[in-house]
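Let's take a walk through this model together, with the sequence alongside.

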Amino acid sequence: MTNYKYPEPLQDIERSINHWALLKAETGAAGLDEKMAEIRALLAEKLAELRALPEDPALRAAEPDDLDAIRALRPDGERRYWTKLPEATYRDRLVGAWLGRCAGNVLGSIVELWDIDKMEAWAEHLGDAFPPADYWSEAERPNELKYETSRRDAFTPSKMDGVPTDDDLIYTQLGMLVLEEYGLDFSVDDVGAAWIKYLPVSPASPVLPNLQAGVPAWEAAIVDNPTQFWIIGDIQSDPWGYAAPGYPEKAAEFSWRNATICSRRNGIYGAMYFSAVIAAAFALGDPMKAIEAGLSEIPADCVLAGELRWALAIADDIQDYRAARAAADERYNGMHPVHTINNAALTVWGLAIGGDDFSKVIGETVAMGLDNDCTAATAGSIFGAAYGKDAIPERWTRNFNNKAHSFIIGQPEFALDDMVDRFTALAAKVLAE
């Protein structure tokens with residue numbers, strides 16, 4: 001069980017303060033501005049005290065942020081499977097990984113964070129299968145833009161022309177650009193420069209505004225940022241696994257350099273872990289073996305590692321999306337829905353439930369809810385890296401039309417085959433080291 005004991009949230013108190021303030025304004029109460037200023041000052045004082053509470057030193061010692069310290073706490077494991085690039089095998093599995101990531105993300109994007117009951121009701125309304133066996137036939141709020149780029153109905157088969165834009169795919173494109181522009185020895189500062197150069201927004205994180213305000217890249221993750229353990233690092237895992245196939249140690253190192261800009265502790269480990277899993281999947285050809293192999297690249301006694309071991313231990317008992325979500329809700333009651341840990345467990349179970357059936361993997365994973373476009377994208381990527389492009393049914397890719405839309409500044413579209421060529425060139429350089 002995690003060491004996290006969550007307190008009761010304060011939303012009810014905040015809502016009550018605001019509602020009473022509105023009522024008092026409407027009844028002409030005297031002294032309202034002064035009272036609200038007093039409340040704000042008191043809240044600011046208590047927030048400062050909350051942020052200053054000391055951490056558990058034993059847990060902190062088991063969860064370092066420094067790469068050398070992380071490596072010192074890893075369990076034994078295979079650090080490298082491939083010493084040179086088997087290009088035909090790699091390209092087939094890279095296409096599978098990238099298409100699998102795109103398909104999982106597109107399926108989950110327009111129902112991101114929906115509860116199971118809401119998804120079921122939407123499927124029943126549309127006459128769609130649930131868990132989904134194809135893309136949703138219609139989108140709620142179809143005219144609304146995602147990231148001011150792709151309409152929500154572009155995620156449906158009748159409107160799809162290319163892979164629509166989503167942040168879970170943007171970071172794969174961005175990681176490729178970082179490796180190309182700054183080299184294989186890129187630094188955290190280089191990642192910061194790339195964020196400023198290429199990202200107009202960075203969802204659910206204050207990191208980009210921190211960088212734009214001049215905060216050094218290494219410190220951007222810890223300045224006024226309570227999201228350090230969220231999934232933001234995890235969703236950036238893929239390019240590092242693609243660039244270091246069969247070399248999980250190097251993939252995890254790349255991922256560490258990237259994730260430290262936005263994450264700490266288990267947020268970093270989630271990124272390193274899934275990068276290592278993807279790298280291992282290329283060589284092992286088995287998603288579940290890769291899931292186990294990835295544990296060799298994060299501290300053995302960190303909370304994430306313990307929770308991944310638990311998820312694997314009970315995976316045979318998790319038969320479907322409802323059982324998965326019930327297990328996660330019971331164990332992680334109070335955890336934020338876009339946290340690294342609860343979503344990592346769901347990703348493991350999605351792969352375990354689906355086996356060698358791609359549609360079942362991403363369909364069941366999306367049906368679990370929480371941050372389901374992220375989890376399905378990662379599960380699809382791992383699946384594709386293990387089994388290759390022919391294991392992905394054509395219905396998931398028929399409307400991709402060799403293009404992925406993007407909100408990266410100056411690059412509104414990437415050709416899918418061009419990305420495969422570019423990652424192949426990068427992987428050849430990495431394995432030639």
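What follows covers the cysteines, then a helix residue and a loop residue.

This is a predicted model, in which local features need pLDDT of at least 70 and side-chain atom pairs count only at pLDDT 80 or more, while totals for chains, interfaces and linings use all residues. Residues are numbered from 1 along each chain as its sequence is written, and side-chain values use heavy atoms, with hydrogens and water left out.

Let's begin with the cysteines. A disulfide here is a pair of cysteine sulfur atoms within 2.5 Å, and by that rule the count is 0 disulfides. For C102, the closest cysteine sulfur belongs to C374 and lies 14 Å away, so it is too far for a bond. C262 is in no disulfide either, since the nearest cysteine sulfur, that of C374, is 12 Å away. C102 has a relative accessible area of 0% and is therefore buried; buried means under 20% relative accessible area, exposed means over 50%, and partly exposed is in between (1.4 Å probe, protein chains only). C262 is also buried, at 0% relative accessibility.

Now turn to A37, which sits in helix α2, residues 32–51. Helices (H or I, at least four residues) and strands (E, at least two) are DSSP runs, numbered from the N terminus. With a relative accessible area of 42%, A37 is partly exposed. Its C-alpha atom is 50 Å from that of P131, a residue 94 positions away along the chain.

Finally, look for T227 in the loop between α9 (207–212) and α10 (238–243). T227 counts as buried because its relative accessible area is 7%. Its side chain makes a polar contact of 2.5 Å with the side chain of N225. A polar contact is a pair of N or O atoms within 3.5 Å; within protein, one must be able to donate a hydrogen and the other to accept it, and residues adjacent in sequence count only if both atoms are side-chain atoms.
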